[in-house]
Amino acid sequence: MSTEEIFTVIASMLGGLALFLLGMNTLSDSLSTMTGGLLDRVLGKITKNAFLGFLFGAGITAVVQSSSAITVLSVGLVNSGIIGLKQASSLIIGANLGTTATAWLLSLNALDGESLLMTIVKPSSFSPFLAIISVALTMFAKSRVKKNIGSVLLGFAVMMIGMNLMSQAVAPLRELPVLKDTLMSFTNPILGFGFAMLFTMLVQSSDAVVGIVQAFALSVGVTFGMAIPLVCGAQVGTCITALLSSMGTSRNGKRTAFVNLYYNLLKTIPFLIIFYVANGIWHFSFMEESVGAIGIPIFHTTVNLLACIIWLPGSGVLVGLAQKTLPYDKKEKEEMANRLTMLDENLLGNPSFALEQTDKAVRALADASIESLKMAVKIDDTPDALEDVDRLCGRVAQFENQIDEYLVKISTVSSDPKNMNYSVFLSNVTSSFAQMGKMAVRIKDMIIEYRKKFGDTSDIITDDDRLEARVFAESYAELMELTISGFEERSFSLSYTVQLYREQITYLCDVMRWRHIRNLHTDEGRQEFRTFITDIFYVEEHLIDVCDAIADAVIRYLQGKGEQIRISDDEKEKKLQHVRQLFADKRKLLGIE
C-alpha cells in the first residue's frame with residue numbers, strides 16, 4: 001500500500017471511531033435528558049433489592065449503550081446519599097453485563113444472506129433511515145419529547161454508521177504484513193491486555209474498543225487468542241471514567257469508583273490466569289481460529305455472566321476492599337455526619353425529586369435537633385458531654401445553612417406552584433427545627449450555670465418541685481412526639497392536636513411561672529432557684545411556639561396542596577375534650593384550680 005492509501009485508511013478509521021463515540025455519547029445524554037432525573041429516583045428505590053438493582057442496571061445499560069454512564073451515575077447517587085455502596089455494587093455488576101448488548105448489536109452487521117429481511121436487520125442498512133427520521137424530528141418537531149426521541153435515534157444511527165465506517169476502513173489492511181504482525185503480538189495475553197486497557201483509558205469507552213476489535217474481526221481477521229486479552233483489558237480500562245468522575249466527590253463517591261475497579265479486576269485477571277494455565281496444559285485448538293463478529297459477544301457475555309454468578313452474592317467483598325482502600329477516619333465520619341449528602345446539585349434538573357431529597361434532609365435536621373435537646377437536658381459537667389452538645393448543635397446550624405442554600409437553588413430552576421408550596425413549607429419547618437438546636441445551647445448553658453452556683457441541689461429541690469418537673473417533662477415529650485409525627489406523616493389531625501396542646505400547656509406554664517414569681521420573696525433560701533425555674537419556663541414557652549409553628553406549617557402546606565382536610569367537627573370536639581381532660585388531670589396533680 002502507498003503512503004496515501006495508508007493515510008486514507010487511518011483517516012477513515014479515526015473518522016469512524018469519532019462517529020462511534022459521538023453517537024454513543026449522544027444516545028446516552030439524550031436518554032438521560034428524556035428521564036429528566038427520573039432515573040435517579042427509580043434507581044434509589046429499585047436498588048434497595050440487590051437482585052432488582054442488578055437487573056435494572058443490566059437493562060438500562062443495554063438501552064443507554066454505556067456502562068460508564070451508569071457507573072458514573074452510581075458514583076453520583078452514592079455521593080448524594082441516595083443509595084449506599086452495597087446498593088451501588090449490584091447496579092455496577094448489572095451495568096457490566098448490560099454493556100455486552102452493544103457487542104451483540106454490532107454483530108448483526110455480520111449476518112449473511114441474500115434475502116431482503118437479512119439485509120434490513122443489519123444496523124448498517126437501517127441506520128441511514130433512522131438518521132433521516134431523527135434529523136426530521138430534531139429540526140421540525142415542536143414537542144420537546146419528540147426532539148429528544150430524535151436525538152436518541154440520531155445517536156444510535158451515528159454510532160452504527162461509525163462502526164460500519166471503521167469496518168470498511170480497515171478492510172484494505174487485510175494483507176498488510178505489519179498489521180498482521182501487530183495483531184499477532186496481541187496473542188501475548190499480557191501485551192494484549194495492557195494495550196486494550198491503556199487504549200480504553202484514552203477513549204474512555206470499553207464498547208468503543210470492543211467495537212474496534214469487532215470491526216477488525218469483520219474485515220481483517222482476529223483469532224480468539226488475540227480477542228480474549230483485548231476484550232478483558234478493555235473492561236478494566238473503562239474504569240478510568242468512574243475514577244475521574246469521582247474526583248471532587250466525597251470519599252464514599254470515590255469508594256464507589258473503586259468498587260467498579262475491583263469488580264473488573266477480579267472479573268478478568270483470575271479468569272485470564274485460569275484460562276491460560278488451562279490452555280498451557282490442554283492447548284485449546286480454537287485459539288488459532290477466527291473469532292468472527294459473533295465470537296466476541298459470546299465471549300464478552302460469558303465472562304460477565306460468570307462474574308455475576310460469583311460476585312453478586314459476594315458484593316460485600318468488593319465494598320470491603322473499597323473501604324480498606326479508603327478507610328474511614330474520625331474526621332471523615334464527622335464531615336459525613338455534618339454534610340447532607342442527599343442535597344446534590346446534579347438533581348436540580350428534576351426539581352420535584354430535589355425537593356423530595358430536601359425533605360429527607362429536613363428530617364435529618366429534625367432528628368439532630370431533638371437529639372440536641374435531649375442531650376442538653378441530661379447534660380453533666382464532663383468535657384466530653386459539653387463537647388457532644390456543642391458538636392450536635394453546630395451540626396444543626398450547618399444543616400440549616402445547607403438546606404436553605406439548596407432551596408434557593410431549587411427556586412431558580414422551578415416556578416411550578418406545587419414545588420413553590422413544597423419549598424416554602426420545607427423552608428418554614430427548617431427554620432423552626434433549627435430554633436430547637438439554638439434552644440438546646442441555651443438550656444445547656446443555664447443548667448451548667450445553675451450547677452456551678454448550687455452544686456448539690458438535693459436540699460433545695462422539694463417533692464413538689466420533682467412532681468412539677470415530671471408533669472412538664474411528660475407534657476413536652478407528648479408535644480414533641482405529636483409535632484414530629486404530624487410533620488413526618490403530613491397529618492392535619494396530629495398537627496391540629498399540637499395546637500390544642502399549645503393552648504393547654506401554655507396556660508400551665510403561665511400559672512406555674514407566676515406561682516414561682518409570687519413566692520420569690522417569701523421562700524427563704526430558694527430565691528435563686530425560683531429565678532432559675534422562671535427562666536426555664538421562658539425557654540420552654542419558646543419551645544411550645546416552635547412546635548406550634550411546625551404544626552401550622554404542616555396545615556398550611558396541606559391546604560396549599562388543595563387536599564381535603566378529613567376531620568369532622570365532631571372529631572375536633574372529641575380531640576378538644578380529650579386534651580382538656582388530660583390537662584385537667586395535670587392541673588389537679590399540680591394543685592391548680
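This is a predicted model: local features need pLDDT of at least 70, side-chain atom pairs count only at pLDDT 80 or more; totals for chains, interfaces and linings use all residues.
Axes here are lines fitted to C-alpha atoms, and angles between them run from 0 to 180 degrees between N-to-C directions.

View 1. Of its 593 residues, 50% count as buried. The exposed surface comes to about 28200 Å². Carbon and sulfur atoms supply 61% of that surface. Now take the contacts with a separation of 6 or more: 83% of them join residues 24 or more positions apart.

**View 2. Helix α4 crosses helix α15.** Helix α4 covers residues 67-79, and helix α15 covers residues 251-282. Their axes come within 8 Å and cross at roughly 150°. The crossing is right-handed. On the α4 side, T71, S74, V75, V78 and N79 make the contact. On the α15 side, the partners are N252, G253, T256, A257 and N260. By class, this contact holds three nonpolar, seven polar and no charged residues.

**View 3. The largest nonpolar core has 105 residues.** Within this core, F425, F433 and M436 touch the most other members. Helix α24, residues 527-560, gives the core its largest share, 17 residues.

**View 4. F433 and the residues it touches.** Leave out residues up to four places away in sequence. F433 then touches V362, L365, A366, S369, V396, I484, F487 and I550.

**View 5. Another core lies apart from the largest one.** In soluble globular proteins, nonpolar side chains tend to be buried together.

How values were computed:
Residues are numbered from 1 along each chain as its sequence is written. Side-chain values use heavy atoms; hydrogens and water are left out. Helices (H or I, at least four residues) and strands (E, at least two) are DSSP runs, numbered from the N terminus. A crossing is left-handed if the near helix is turned anticlockwise from the far one by less than a right angle, and right-handed if clockwise. Contact means heavy atoms within 4.5 Å. Ala, Val, Leu, Ile, Met, Phe, Trp, Tyr, Cys and Pro count as nonpolar, Asp, Glu, Lys and Arg as charged, and the others, Gly among them, as polar. A nonpolar core is a set of buried Ala, Val, Leu, Ile, Met, Phe, Trp, Tyr and Cys residues joined through side-chain atoms within 4.5 Å. Buried means under 20% relative accessible area, exposed over 50%, partly exposed in between (1.4 Å probe, protein chains only). Accessible areas come from the Shrake-Rupley method with a 1.4 Å probe; for residues, only the protein chains shown count as cover.
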